[in-house]
Amino acid sequence: MRNAVFYSGGVTSNDASGTAICSAKGCRQAAAWSVVWNNPKLHAPERRKVWLACEEHRQHLADFLDLRGFLIGVEPFRPGSSDDA
Ligand SMILES: [Zn+2]
């Protein structure tokens, strides 16, 4: 059972709650921004959806939502905040 020594507890994973990835399609960069939006046709007015964005995609995602009238705002990403916060 000598192999067990490799399992030291320092494992990182994309499933860890501290890891947030940009929502842009195909992007694997860490999120730096929360793009907050709501689709009035699908969501109650108080409902807030959040896309995470890296520096590169923040403007792209915000523009996409703004064009459709969905954009509420862009905030600095705070690890631990959730979709339903
Ligand atoms: Zn990105």
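**Close-up 1. The largest nonpolar core of this predicted model has 13 residues.** A nonpolar core is a set of buried Ala, Val, Leu, Ile, Met, Phe, Trp, Tyr and Cys residues joined through C-beta atoms within 7 Å, and a residue is buried if 20 or more other C-beta atoms lie within 10 Å of its own, exposed if 12 or fewer, and partly exposed in between, with C-beta atoms placed from the backbone. The residues with the most contacts inside this core are Cys22, Ala31, Val35, Trp51, Leu52 and Ala53. Two or more residues each come from strand S1 (33-37) and strand S2 (49-53), and S2 gives the largest share, four residues. This is a predicted model, in which local features need pLDDT of at least 70 and side-chain atom pairs count only at pLDDT 80 or more, while totals for chains, interfaces and linings use all residues. Residues are numbered from 1 along each chain as its sequence is written.

**Close-up 2. Strands S1 and S2 run antiparallel and are joined by five bridges.** Strands (E, at least two residues) and helices (H or I, at least four) are DSSP runs numbered from the N terminus, and two strands pair if DSSP finds at least two bridges between them. Ser34 has Leu52 of S2 as its bridge partner, and four of the five residues of S2 are buried.

**Close-up 3. His57 lies in the loop between S2 and helix H1 (58-67).** His57 counts as buried because it has 22 C-beta neighbours inside 10 Å. Leaving aside residues up to four places away in sequence, His57 touches Cys22, Ala24 and Cys27, where contact means that two C-beta atoms, placed from the backbone, lie within 7 Å.
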